[in-house]
Number of protein chains: 2
Amino acid sequence: MQTQELLVTEESLDPVDWKSMRALGHQMIDDMFGYLESIRERPVWQPIPDQVKAELTQSLPTEPESPEKVYEDFVQNILAYPMGNIHPRFWSWVIGTGTPLGMLAEMLAAGLNPNLGGGEHVAIYVEAQVLDWCKQMFSYPARASGLLVSGGSMANLVGLTVARNTKAGFGLRTQGVQAAPQRMVMYGSSEMHSSIQKAVELLGLGSESLRKIPVDADFQIDINAMQNAIAEDRAAGHLPFCIVGNAGTVNTGAIDDLNHLAEIASREKMWFHVDGAFGALAVLSPELKPKLAGLERADSLAFDLHKWMSMPMEVGCALVRDAAAHHDAFSLTPAYLSHGTRGLAAGSHWFSDYGIQLSRGFRALKVWMSLKEHGVKKFGRVIQQNIDQAQYLAKLVNDAPELELLAPVPLNIVCFRFKANGMDDQALNELNAELLIRLHESGIAAPSYTELDGKYALRVANVNHRSRREDFDLLVETVRRLGNELLKE
Amino acid sequence: MQTQELLVTEESLDPVDWKSMRALGHQMIDDMFGYLESIRERPVWQPIPDQVKAELTQSLPTEPESPEKVYEDFVQNILAYPMGNIHPRFWSWVIGTGTPLGMLAEMLAAGLNPNLGGGEHVAIYVEAQVLDWCKQMFSYPARASGLLVSGGSMANLVGLTVARNTKAGFGLRTQGVQAAPQRMVMYGSSEMHSSIQKAVELLGLGSESLRKIPVDADFQIDINAMQNAIAEDRAAGHLPFCIVGNAGTVNTGAIDDLNHLAEIASREKMWFHVDGAFGALAVLSPELKPKLAGLERADSLAFDLHKWMSMPMEVGCALVRDAAAHHDAFSLTPAYLSHGTRGLAAGSHWFSDYGIQLSRGFRALKVWMSLKEHGVKKFGRVIQQNIDQAQYLAKLVNDAPELELLAPVPLNIVCFRFKANGMDDQALNELNAELLIRLHESGIAAPSYTELDGKYALRVANVNHRSRREDFDLLVETVRRLGNELLKE
């Protein structure tokens, strides 16, 4: 009777046939390597057929399918219609390219599948090491704290949360923003990234508390205007508590005068946060490093590793100079999470005490493996190469009679448009918008766009380690051809 | 001269030798499959040697290393000291196990490496389909919106942000919490997860605005006490705006009376958020489903797919009944992100408009592949199996004279302790704390612990698809042995 009770049929989600699942893994390796190795021969982007979209509306699967069939569906419907950012002629928004070893690292991380919220296991030490490496890259103090996060938006949110809680001057975590005796006000340039505003809204400060200071002709923050705004806010009884400096704006790659901003923040006893989502990594290029002087003085620093460091998504990082302030902003340890002294629940780094996530994947592994694979100097060279390519493109644009550069090129972003005599801005805007779509549809290249002073700009943001100069030649040639074709229509 | 200028040496982060990198990929597949297939024969957990910790403090690599060497370091120092949650006898906190196909899916996702912030590419449609599947699993309205996120903490934050912004009754995104005419107050049980408090603090409401209502003997929220608290807050001039219902508390797996909470929220015109981090998935078990009645009435619902659905970290989900409210809480579209009508920048789903992240990885792929691989019915059976195993363990505990059950077992969590005649709670707490550490150090099993009514509890949270009844037999046998050994010392 006892025996019979124990003979319960138990099933698991492991493969019914380990051998065939392993074979499928090998098939995937071959397919993905073939795909990546020949990526240059494929179109950057192509429209998704309606039939594929229709297949992706089928309802919830109830019964099992063989892993081979599942993979076949992936190859047919998904692998064929990528975003395109792994292609050498993708320069839209600011999206990284990834690498083959980064891809493999993600598999290893998912196989081990640890939770880096905390505890005593080796993955925790890997993240701690990676954070130390990040501090070293930016000449940031070794005693600072840090956290790997999903990306720049989250890194900004982490930094600004610490800023808010630290500078409030009262128990904001318990009492809330409503208890603030003064309105807490932040400053950054009109070119700062939308994630800063999102963070301010999330934190309950209200976007009206975010002063968007005008920029100069180089799209850098107008520091006099900022100082005036701070003085006005003080006079109005508000509490200026935080300055956001940009290290590489998303529109044009502008870098604010970070040293000057750090000085003002220090004098005004304000928090200094640097949003270096992609641009901060330019410190790895000896040529560019001086432009970023002052970065290392930030109270908090946000940057991405999946952009200009070419790691697969998602991985960004927040560093905070005052580790205790960082801990105090997020730490919350109920009984079921209390930290032990020995065993699995010990461990010196409880990363869940430094951010929002409690379940945290092993994103550190791809960073660890990639930095060891290439060494930081090579990353610096490839970053410099992207900047040189941007200068090369800017020269091609300047040399082409039908093209017009719309902003300086201080970093790796080139904003330009096709122009024609006798067309006003509105007509040019329409022409360039159509031109860009045809460029995408051609599968040849994928810039994105933005608006600068009311002008529609084709925008090339080059964080692509696969791009070569010949790719920019082809871009310019194609833009000229498509523009002239549109003029004839 | 022109030619010479073009002969710039350009390098990339792609493999110098594609063939050997591909071979390395095959090696990793073999190693990881060998590792996972034999995981039952390994210790659950073991201490990390000091030498390994020391190696993980080496400074930032400057020069390249061969990928083979990097992988060797991984095998030696990392693969050998896992957290243990992929092992059949790991039941700490609530951490999922992962699956081999999930691991492979992560590799495919990282190879394609798209950004699911938005745009017109197929990955976006995969996430949309997965969200539709999630709605179907919970009988949630098809018109609802949703978002895949890192996990339950983030899903709770998304839901509560929409709650705050929607129920404030004024332009909170622009004006901030300070402009609120009344204190905004939230309600949940004293057993609710710490991430709710973290969210309340982040949102600027202050933890004092979170009412922790007592629970009954079954650890469910005392609804009368909650109604009294709401009435008192109204009388004090506050604005009760949100009720949080628990679908599976982290301490004991208790499920609040969700239908009753939904009724009260509706009557009081409050938002109803359900934190179903792991417990909500019990709807997939026909036997458990009735206990979760009312879940489908939530205004927002948070749950994890990397816990009881065994997908690799990180993946959770937030569903919001009112899609427009969800969009209004997060949407922010600067020029460089404006949505097109054709080309890459078109697309009907801009997920960045529904959450904090702008860079969003392809976590949807592992969900898509896993649900197709197993079908939802099998997930339901495995979830039911975990619950049956918890009942089985509870019976073993009740049958063992030295063991004491410390809470009811409504779901998959068993809290118990070793006890001995003549020892008070403090002595038992110390004994059980040491017992747990020795259990970890033995490598046999890894429960975690919590405190219930001042009693230190060994806590088995079973979301492990690899566990079998024999594993719980071994657990009980080992706890009894270790406890008796400790008594003798």
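Trainee: In this predicted model, at what angle do helix α7 and helix α9 of chain B pack, and are they parallel or oblique to each other?
Mentor: Take α7 as residues 152–167 and α9 as residues 194–202 of chain B; their axes are 9 Å apart. The angle between the two is about 45 degrees. Angles under 35 degrees would count as roughly parallel, and α7(B) and α9(B) are therefore oblique.

Trainee: What hand does the crossing of α7(B) and α9(B) have, left or right?
Mentor: The residues that meet there include G152(B) and L160(B) on the α7(B) side, with S195(B) and L202(B) among those from α9(B). By class, that contact holds five nonpolar, four polar and one charged residues. As for the hand of the crossing of α7(B) and α9(B), it's right-handed.

Trainee: Over in chain A, how do α7(A) and α12(A) lie to each other?
Mentor: Here α7 is residues 152–167 and α12 is residues 323–330 of chain A, and their axes come within 9 Å. They cross at roughly 95 degrees. The band from 65 to 115 degrees is the one that matters here, so α7(A) and α12(A) are roughly perpendicular.

Trainee: Which residues of α12(A) meet α7(A)?
Mentor: From α7(A) come T161(A), V162(A), N165(A) and T166(A). The contact of α7(A) with α12(A) divides into three nonpolar, four polar and one charged residues. On the α12(A) side you'll find A325(A), H326(A), D328(A) and A329(A).

Trainee: How many residues of domain 3 does domain 1 of chain A contact?
Mentor: Chain A is split into domain 1 (15–44 + 46–81), domain 2 (114–361) and domain 3 (375–488). The centres of domain 1 and domain 3 of chain A are 33 Å from each other. On the domain 1 side, four residues take part, divided into three nonpolar, one polar and no charged.

Trainee: Which helix of chain B gives the most to the side that touches chain A?
Mentor: Start with the interface itself: 152 residues of chain B are in contact with 151 residues of chain A. The chain B side divides into 71 nonpolar, 51 polar and 30 charged residues. With twelve residues, the helix that gives the most is α13 (residues 364–399) of chain B.

Note on methods: Residues are numbered from 1 along each chain as its sequence is written. Chains are lettered from A and ligands numbered from 1 in the order in which they are written. This is a predicted model: local features need pLDDT of at least 70, side-chain atom pairs count only at pLDDT 80 or more; totals for chains, interfaces and linings use all residues. Axes are lines fitted to C-alpha atoms, for helices over the stretch in contact, and angles run from 0 to 180 degrees between N-to-C directions. Helices (H or I, at least four residues) and strands (E, at least two) are DSSP runs, numbered from the N terminus. Angles under 35 degrees count as roughly parallel, over 145 as roughly antiparallel, 65 to 115 as roughly perpendicular and the rest as oblique. A crossing is left-handed if the near helix is turned anticlockwise from the far one by less than a right angle, and right-handed if clockwise. Two residues are in contact if their C-beta atoms, placed from the backbone, lie within 7 Å. Ala, Val, Leu, Ile, Met, Phe, Trp, Tyr, Cys and Pro count as nonpolar, Asp, Glu, Lys and Arg as charged, and the others, Gly among them, as polar. Domain bounds come from an automatic or database domain assignment.
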